[in-house]
Structures are given as structure tokens and as C-alpha cells.
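Thanks for coming. Have a look at the model on the screen, and then I'll walk you through it.

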Amino acid sequence: MAREPLMIDIVNLSKRFGRRDVLKDISLGVPQGNVLALIGPSGSGKSTLLRCVNLLEAPDSGSVTIDNHTMRFGAGASRHRTNSMAAFRAEAGMVFQSFNLFPHLTVLENVMSGPRFVRGRSRDEAERIARPLLERMGMESFADTMPERLSGGQKQRVAIARALAMEPKVMLFDEATSALDPQRVAEILSVMRDLAQAGMTQIVVTHEMSYARDVADTVVFMADGHIVESGPARQVIEDPREERTRTFLKHFHMGKA
Amino acid sequence: MTYQWDFGPILQYWSLFRIGLEYTLGFTLASAIIGMAAGLLLTLARRSGWKILSIPAGAVVEIFRCTPALVQLVWCYYALPVVLGLSLSPATAALLALSLYGAAFYSEIFRAGLDSIDRGQWDAAAALGMTPITMMRRIIMPQALRRMTGPLVSQVVLQLKNTSLISVVTVPDLVYQGQMVSSATYKPLEVYTTIAIIYFLILFPMTQGARLLERRRHG
């Protein structure tokens with residue numbers, strides 16, 4: 001079996017906050033077009049790992065590669081300029097638990113903000129990128145609405161459109177459905193599923209085990225800054241090898257696919 | 001014995017008051033603009049993460065916040081020229097002192113305004129790939145400025161009242177001109193009443209405006 005080319009490659013990544021090791025020598029790769037689900041108890045380091053992929057947290061050592069753009073950290077690596085970190089981040093779209101829409105901009109302007117302020121596109125060009133994305137998210141009728149007027153599910157769809165407007169090579173979802181009402185969770189998960197089917201490489205930090213099982217290619221279970229277990233999604237979720245994974249998964253009730 | 005109020009002689013000196021008013025407003029405007037610019041630089045320096053910038057900037061803010069404006073003014077006029085080995089005109093010393101005094105307080109307002117912006121806003125802007133400058137200009141500052149308008153107007157009001165101190169170093173502001181008129185007419189009660197009314201007529205609309213801004217923000 002030929003090894004597929006990796007779109008995201010994390011090698012020997014470590015991160016500490018003060019005296020606490022949050023990530024201990026993590027290595028993992030995501031092939032082009034694959035979805036990797038990161039699961040684990042809170043404090044396991046999964047969100048920090050996700051934030052290290054686009055350098056919102058600068059790793060202390062190790063390297064992160066997106067496509068063929070590599071950033072190295074730690075001994076022997078040169079210090080990165082803020083602008084080169086910004087350019088690296090632009091290749092990854094990120095969606096947050098708390099949406100983080102820009103409250104002083106309309107829905108349309110939120111989606112235009114990447115093309116305009118990062119890529120330097122004109123207002124017209126940015127609008128030509130943003131409008132179809134709003135349409136794809138079913139949000140075109142809210143283009144001129146201020147974010148505060150939207151429901152959680154609507155906010156998250158706008159946030160996804162905003163991330164996609166940068167034409168990212170990968171998408172990172174940080175508990176994107178955790179702040180939503182149960183009936184809204186499904187609508188965001190279906191948007192994420194559509195993206196996966198369209199071939200978008202994703203890392204998804206999630207507590208939605210059935211989504212991880214049904215949509216992800218690989219599931220990684222983390223605890224205490226380590227990767228405890230990783231493997232094909234269905235196998236890790238339904239028949240985990242490790243006792244810790246089994247104990248963790250007992251807390252979740254999953255409908256059968 | 002009752003005092004006979006008589007504003008007649010004072011009105012003859014109206015042109016002196018007008019010059020004083022021009023100085024007062026001019027110094028307020030200039031020191032507010034310079035003070036806000038310097039205050040912004042101080043805030044950015046304090047937040048830069050580089051100790052070589054943040055420590056001196058923090059020290060400047062605390063020194064000017066924790067000494068009286070009058071002392072700073074007199075010090076800039078009499079002591080600073082000795083330290084620097086050059087002479088400063090009264091107007092230059094006054095502008096310098098008022099601007100730096102204002103800068104310390106504006107810097108605190110900017111700091112509080114920036115701190116009030118949710119961390120998620122910085123994350124989202126950074127995740128899109130914005131550089132720190134773009135992030136400040138497009139995302140953080142527009143939100144922070146809205147929250148800072150009320151406190152900034154209040155500080156400009158204080159700044160205008162503080163200009164009355166510059167009469168001490170013989171800059172002909174409203175108070176200084178009043179002293180001239182007072183010694184020419186021997187009518188200090190009328191003079192200071194007139195000056196108080198002029199200050200009030202300028203400042204009352206400003207404080208009301210600031211209150212409106214505050215209310216609109218909370219409303």
C-alpha cells in the first residue's frame with residue numbers, strides 16, 4: 001500500500017505552560033483529504049495540540065508542516081518572525097467553540113475579512129469570494145446582519161465561511177459544536193461532513209463520538225499530553241485496545257450507524 | 001456691608017479673555033493630540049513583550065500618574081532645562097508637561113480598553129493570518145475605541161481644566177489673562193466668576209456628550 005502524501009505532519013512536538021508539560025513529544029500525520037478526530041478528557045492537551053498546528057500556541061520544540069511549508073521550533077531552529085507565523089496560519093482555517101465572529105463587522109464583512117485584510121483583495125473581489133460561501137452555508141439572507149443577532153448555529157456557519165474564504169489547505173475545528181444547542185449540533189456536523197466529502201483535510205477536536213466514528217478516517221485518543229491510542233476511526237471508538245480509551249469512551253452513549 | 005457686583009469694567013477687557021480662551025483651547029487640543037499619540041505608543045510599548053520597551057514605558061506612566069500635574073509643569077520649566085542643558089520657552093515646557101501627564105492617563109485608558117477585548121477576537125484574527133499590525137487596526141482597535149470614547153472624553157475634560165495650571169509659568173491662558181484683568185480693574189470676584197462661567201460653558205456640553213456616549217454603549 002503506497003503511503004499517501006501527508007497534508008499535515010507534526011513531528012516530536014512538545015509544549016509546556018510554566019512547569020506543566022502539556023504536550024509530550026507528539027508526532028502524527030494527516031494524509032491529504034483525511035479527517036483526523038482528536039478525542040480525550042479535558043486537560044489532555046488536545047486543544048493545545050490543535051492550537052499548535054496553526055501556531056496560535058508556539059511549540060517549544062518539534063516541527064509542524066502544512067503541505068510543504070515547515071515551521072521548526074526549539075534548539076537549533078531560528079526564531080520565527082511574526083509575519084512568517086501569520087503567513088503560515090493563513091494556510092489553515094480554524095473554527096472555535098465560541099465562534100469569535102468580529103462583532104463590529106456584518107456577516108458579509110466577517111467573511112470578507114480574510115481576503116481583504118490578509119490577502120489584500122479589493123472590496124469587490126472579497127465580496128465575490130464571500131457571497132458564494134455564505135450561500136453554501138445557507139446564510140446569504142443574513143449578509144448585512146450583525147453577528148449579535150444570529151443564533152449559535154448561524155454564528156458557527158458564518159465562522160466556517162470566514163475560515164473557508166482564505167481558501168485554506170486544512171481546516172481545524174476546536175470543539176466547534178460544544179457551545180451549541182443539541183438541535184444545532186447536527187446542522188454544524190453536517191456542514192463539517194460536507195467539507196470532508198469535498199476533500200478538505202481536517203483535524204477535529206470533538207466530544208461527538210458518533211461523528212468521529214462515522215466521518216473521521218483516524219481517531220487519536222489523548223490523555224495527559226500523550227497519544228494513548230490512534231487508529232482507524234471505527235476500531236478506536238468501537239473496539240479500543242487501551243484500557244484508558246475504553247474507560248473514557250464508557251462516558252458516551254452512541255447511536256449505531 | 002454688601003458687595004456691589006459690577007461686570008462693566010471687565011467686559012472692556014473682553015479681547016484679553018478671548019486671547020486667553022484661544023490659548024486654553026489651543027493647549028488643550030495640542031496636548032490631547034500629542035498625549036493620545038504618546039499614550040498609544042506607551043501602551044503598545046508596554047504590551048510589546050520586550051522588556052527593553054515595556055519596563056521604561058511602564059515607569060514613565062507610573063511617574064506621571066503618581067506626581068501632581070503642577071509639580072510636573074514647574075519641574076519641566078525650571079529643572080528640565082538644567083538637566084538637558086537647554087532652555088525651554090514657557091509654552092514648550094507647558095505643552096511638554098501637559099502632554100506627558102495626559103499620555104500617562106490616556107495610556108491607562110488604552111490598556112484597559114484593549115484588555116476588555118475578548119481573547120477569542122485575537123485568536124480569530126490571528127488564525128486568519130493577520131499580522132499584529134493588521135489585527136490591531138482592523139479588529140481590535142475599532143472595538144476597543146468604541147469602549148474607550150467615554151473615558152477619553154472625560155480625560156480631555158480634565159486636560160482642559162489642567163491647562164489652568166500653565167498660568168503659573170506665564171503662558172497667557174484664560175486664568176493668566178484673568179489675573180491681568182483683575183490687577184487692572186481690581187475686580188477679582190467678577191473676573192473669576194467670568195472665568196468659571198466660560199469654563200463651564202465649554203465643559204458642560206462635553207461631559208453631557210460623554211454621558212450620552214456611555215449610555216449608548218450600555219443601551
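A definition to start: two residues are in contact if their C-beta atoms, placed from the backbone, lie within 7 Å. Now the ground rules. This is a predicted model, where local features need pLDDT of at least 70, side-chain atom pairs count only at pLDDT 80 or more, and totals for chains, interfaces and linings use all residues. Residues are numbered from 1 along each chain as its sequence is written, while chains are lettered from A and ligands numbered from 1 in the order in which they are written.

Let's take L38(A). Which residues does L38(A) contact, leaving aside its neighbours within four places in sequence? They are K46(A), L49(A), L50(A), I203(A), V204(A), V205(A), V220(A) and M222(A).

L38(A) also belongs to the largest nonpolar core, which has 93 residues. A nonpolar core here is a set of buried Ala, Val, Leu, Ile, Met, Phe, Trp, Tyr and Cys residues joined through C-beta atoms within 7 Å. Buried means 20 or more other C-beta atoms within 10 Å of the residue's own; exposed means 12 or fewer, and partly exposed lies in between. With L38(A), the residues with the most contacts inside that core are A37(A), V111(A), A161(A) and V219(A). A second, separate core has 39 residues, among them Y23(B), F64(B), Y101(B) and L160(B).

On to chain B. Its secondary structure is 10 helices and zero strands. The C-alpha atoms of chain B fill a box of roughly 75 × 50 × 30 Å along the principal axes. Of its 219 residues, 34% count as buried.

Now the annotation. An unreviewed UniProt entry gives "domain: ABC transmembrane type-1" for residues 21-210 of chain B. That span is 84% helix and 0% strand. UniProt also lists "transmembrane region" for residues 23-45, 75-101 and 191-213 of chain B, again from an unreviewed entry. Residues 23-45 are 100% helix, with end C-alpha atoms 32 Å apart. Residues 191-213 are 100% helix too, with ends 34 Å apart.

Last, where the chains meet. The contact takes 16 residues from chain B and 20 residues from chain A. On the chain B side, α7 (119-128) and α8 (132-162) are the elements that give two or more residues. α7(B) gives the most, with seven residues.

Key:
UniProt positions renumbered as here; feature names shortened; annotations may be inferred. Helix = DSSP H or I, 4+ residues; strand = E, 2+ residues; numbered from the N terminus.
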